Amino acid sequence: QSEIAKSHVDVNKPGIITEIATQYSLESNRLLGFLLKLDYCEMHIATCDPWKRKCGGVPRNSFVIVKVSPAHVNAGDKHFCDRIILARVTDSVPTPVAGDALNTLFAVHKAQAVMDPYTTKELQWSAMRASIVGTFYDLGSKISFGNDVDTFFGAHAYEVYSPSQPHLEVLINSFIETSAPLEIGRLRYTETPSVAGEMTVPVKVDPRDFAGHAHGQRTALFGKTRFGKSNTIKVIADTILRGSNPPGQIIFDPSGEYTYWNEQDGGSLFMQHADRSVRYSLNPKVVAQEGGHEAPRLLKINFYEAVSVGHQL
């Protein structure tokens, strides 16, 4: 495990982005490669199998950080070395010598020959495309971010690294404005588990991002079946209810998973907040495990018994 992966980041320390940037060097086992191409939207990264193995693999959608090498810029541009460009790997692209490599590989397979070390080394090179997410930089004692790059140098001036777990956690959670953030899950790139072990990078949000800072918000949650959408909504609703001044919530619960006792939770969202919640149902259930909690109220009216309601203007 690298020293970078072990490092602890103090998010309150001035110049945190500069501190992170200086911890990545060509001697680091987080080195992923170098740039072949860079523009305002995307980049092409040259890499090889040994570097990818040291980084624990590079699945599609991986985040990478890109920094300017001090050795390739003038003294007046050294301040650019204190910035970090965050990019996401989107696809593979051919290398400039892809045609030659393909011809060599075809000839080797055709002859069923054993490759010599030099040829093996040459065939380990590949290239990837990555889209630019934005640039992190220090603004006084705070982390700042722009969803672009303000300028770029020649591609030869940049180094590409796979970020360590603590550094990636700082970058993706750097703008949460609450002391009690909500962890909604862990960063995961692919469905297939990584052979290097999954990075436990929590993804956090401010509960007010859902309830609204000054007024209501609209949020949509999408995902595959059985991927945890309902449980995520449950966690968000629970966190909002536990806040110091929670807004009112109306939850439509067709299957009753938030309303009634369930084995997974050893209770329910209602039972955890029964002192401030009321249940309504068209067909109330009686669940033995709920003990003395108030039963759901009937959400329908018998107009024969409540004639006055049916005749109100």
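**Notebook: burial, strands and a cavity**

I began with Gln 112, which counts as exposed because its relative accessibility is 72% (exposed means over 50% relative accessible area, buried under 20%, partly exposed in between, with a 1.4 Å probe and protein chains only). The model is predicted, so I note that local features need pLDDT of at least 70 and side-chain atom pairs count only at pLDDT 80 or more, while totals for chains, interfaces and linings use all residues. Residues are numbered from 1 along each chain as its sequence is written, and side-chain values use heavy atoms, with hydrogens and water left out.

**Entry 1: positive phi**

I looked up the backbone of Gln 112 and found phi near 50 degrees, a positive value in a residue other than glycine. Gln 112 sits in the loop between α4 (98-111) and α5 (117-122); helices (H or I, at least four residues) and strands (E, at least two) are DSSP runs, numbered from the N terminus. Asn 61 also has a positive phi, near 80 degrees, and is not a glycine. I placed Asn 61 in the loop between α3 (49-54) and β3. Its relative accessibility is 32%, so Asn 61 counts as partly exposed. For context, most residues other than glycine have a negative phi.

**Entry 2: Thr 47**

Where does Thr 47 lie? I found Thr 47 in strand β2, residues 42-48. Thr 47 counts as buried because its relative accessibility is 0%. A polar atom of the Thr 47 side chain lies 2.5 Å from the backbone oxygen of Leu 32. Beyond its neighbours within four places in sequence, Thr 47 is in contact (heavy atoms within 4.5 Å) with Leu 32, Lys 52, Gln 124, Trp 125, Ser 126 and Met 128.

**Entry 3: Pro 163**

I located Pro 163 in the loop between β7 (158-161) and α6 (165-172). At 2% relative accessibility, Pro 163 counts as buried. Setting aside neighbours within four places in sequence, its contacts are Tyr 24, Arg 30, Phe 63, Val 64, Ile 65, Leu 168 and Met 199. I also checked Pro 163 against Asn 74: they are 89 residues apart in sequence, and their C-alpha atoms are 26 Å apart in space.

**Entry 4: strand pairing**

I followed the pairing of β4 (two strands pair if DSSP finds at least two bridges between them). β3 and β4 run antiparallel and are joined by 4 bridges; Val 64 has Ala 87 in β4 as its bridge partner. β4 also pairs with strand β5 (residues 125-139) in the antiparallel sense, over 9 bridges. There, the bridge partner of Ser 92 is Met 128 in β5.

**Entry 5: Asp 238**

I found Asp 238 in helix α8, residues 229-241. Asp 238 counts as buried because its relative accessibility is 15%. Not counting residues up to four places away in sequence, Asp 238 touches Leu 269, Gln 272 and His 273.

**Entry 6: cavity**

How many cavities of 30 Å³ or more does a search of the whole structure find? I recorded 1 (a cavity is a set of points on a 1 Å grid over the protein atoms alone where a 1.4 Å probe fits but cannot get out; lining residues have an atom within 4 Å of a point). The largest cavity holds about 100 Å³ of space, a volume being the space filled by probe spheres set on the points, which are joined across faces, edges and corners. Of its 13 lining residues, Phe 80, Arg 83, Ile 85, Thr 135 and Thr 151 are the closest to its centre. The elements that give two or more residues to this lining are β3 (63-68) and β4 (84-93).

Terms used. Polar contact = N/O pair within 3.5 Å; in protein donor to acceptor, adjacent residues only side chain to side chain. 1 Å grid on protein atoms, 1.4 Å probe; cavity = no way out; pocket = protein on both sides within 12 Å on 5 of 7 lines; lining within 4 Å.
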